Amino acid sequence: MFSKVIIAEDIDGLNFAVKQALKELDIPDEEMDYAKYCDDALLKIKGALQNNTPYELLITDLSFKEDYRKETQKLHSGEELIEAVKKEQPNIKIIAFSIEDRPYRIKSLFEKYEIDAFVMKGRNSIPELKQAITTVSESDKKYVSPNLSHVLQDKTANEIDAYDLDLIKQLSLGITQDEMEAKFKELGITPNSKSTIEKRINKLKINFKANNTVHLIAIAKDLGLV
């Protein structure tokens, strides 16, 4: 079982519920830490690493409300926090705890950000969270809330990988297909040849039955891909 855990959650009631779940798993209260903001969570994780007392598990929501510090905030979502934490501490275990239910977004958390578990907030979320913590602490197996287990099995979802998500994201930001090769090289994303990018975009149009790139972006936004 984990000996040091940090929770990133901006709702006090849920923080308390997660704390109780950890206590029931015999994790000492003094070994639990909390952060209501993504930037604060990252600072604590960096500090623990510098002190040679790293956290073993991060439990994080995906959505955080902006506050009066929004002008100085660098991280605005759970995904951004997860990505930043992975760069600092690649081996930390991560459980996403969220109301999110869109298959593509959940799948991208596993594919792109390499999280270890996803627990959907709801009526049975605390028992599921306890099961997720136990699963990822005792093995390298991934855990997904039972009512979302189809997400990683869904054929359509499995046809979309992290590369496709990066491609859709850049298209949504206004990068044209002709500019994509240079942009991917700048970002260090491979493969980045013009022919590969063209084939992938065409495949995405077929998968989503999109008439053109603009239509593809609109569909992707509706599905929560961007």
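**View 1. Strands E5 and E6 side by side.** Strand E5 (residues 117–120) runs parallel to E6, and two bridges hold the pair together. Strands (E, at least two residues) and helices (H or I, at least four) are DSSP runs, numbered from the N terminus. Two strands count as paired if DSSP finds at least two bridges between them. Look for Phe 118, which sits opposite Val 144 in E6. Keep in mind that this is a predicted model: local features need pLDDT of at least 70, side-chain atom pairs count only at pLDDT 80 or more, and totals for chains, interfaces and linings use all residues. Residues are numbered from 1 along each chain as its sequence is written, and side-chain values use heavy atoms, with hydrogens and water left out.

**View 2. The whole sheet.** Six strands make an open, parallel sheet in the order E2-E1-E3-E4-E5-E6. At the edges are E2 (32–35) and E6 (143–144), each pairing on one side only.

**View 3. Tyr 55 in its loop.** You'll find Tyr 55 in the loop between helix H2 (38–50) and strand E3 (57–60). Tyr 55 is buried, with a relative accessible area of 5%; buried means under 20%, exposed over 50% and partly exposed in between (1.4 Å probe, protein chains only). Leaving out residues up to four places away in sequence, Tyr 55 touches several residues, including Lys 4, Ile 6, Ala 48 and Ile 92; contact means heavy atoms within 4.5 Å.

**View 4. Tyr 55 and Lys 23.** These two residues are 32 apart along the chain, and their C-alpha atoms are separated by 16 Å.
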